[in-house]
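Dear colleague,

I am passing on the structure we spoke about, and it is shown just below. After it you will find my notes, with the conventions stated wherever a term comes up.

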Amino acid sequence: MRNFSRSISRQRNSSHSGTRHYARSSSTSVANSSYQQAAINIDSQNLSLPYLLRVNLEGTQLTGHVKVDGKVIKQLNLNNHQFNISPYLSSDKNTIEILAEYDPPSSVVEIELLGCDTRVVQQTSGSGVLNYTLIVTVT
């Protein structure tokens, strides 16, 4: 049984001088851990643009839900999901939780957030349980 996760976050923000800044982080979870967490910052001016949350699985069935600040916003019951989370985000700190079970446990589950100059990717496998938290701070 394997258990791994990978998180890659890439943000590009423009400063007033027109120079673009990139931030990238990578982390690996401890073996047999079924919890992953990442954090990003989003400029409030970009909330009018879509931020797509994707849950991708191949040959896997998944059952669960997505919460934003404790409120269920999406039920997960198939193998691929994509939806815009921008309408659910507010100024300050937002907690996005994806809680689900998937079968077979050896399958790879990928969580991806795509938006204005932002891409966050998280992969997990091996436990059959998905417990992912993304902290989005809107400034």
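Two strands are taken to pair if DSSP finds at least two bridges between them, and the elements themselves are DSSP runs numbered from the N terminus, with helices being H or I of at least four residues and strands E of at least two. On that basis, strand β8 (residues 92-103) and strand β11 (residues 129-138) run antiparallel and are joined by 10 bridges, with E97 standing opposite T133 in β11.

Please keep in mind that this is a predicted model, in which local features need pLDDT of at least 70 and side-chain atom pairs count only at pLDDT 80 or more, while totals for chains, interfaces and linings use all residues. Residues are numbered from 1 along each chain as its sequence is written, and side-chain values use heavy atoms, with hydrogens and water left out.

As to the overall fold, the chain has 0 helices and 11 strands. Of its 139 residues, 39% are buried, where buried means under 20% relative accessible area, exposed over 50%, and partly exposed in between (1.4 Å probe, protein chains only). The accessible surface of the chain, from the Shrake-Rupley method with a 1.4 Å probe, comes to about 7600 Å², and 46% of this belongs to carbon and sulfur atoms. If contact is taken as heavy atoms within 4.5 Å, then residues 24 or more positions apart account for 68% of the chain's contacts with a separation of 6 or more.

The β8 and β11 strands belong to an open sheet of 5 strands, in the order β3-β11-β8-β5-β6 and with mixed pairing. Its edge strands are β3 (35-42) and β6 (71-76), each of which pairs on one side only. Neighbouring strands of this sheet are turned by 15 degrees against each other on average, direction ignored, the axes being lines fitted to C-alpha atoms and the angles running from 0 to 180 degrees between N-to-C directions.

Leaving aside its neighbours within four places in sequence, I96 is in contact with a set of residues including L53, V66, I85, L89, Y132 and V136.

D92, in strand β8, has a positive phi of about 90 degrees although it is not a glycine, and at 55% relative accessibility D92 counts as exposed. The peptide bond from D103 to P104 is cis, with omega near 0 degrees, and P104 is found in the loop between β8 and β9.
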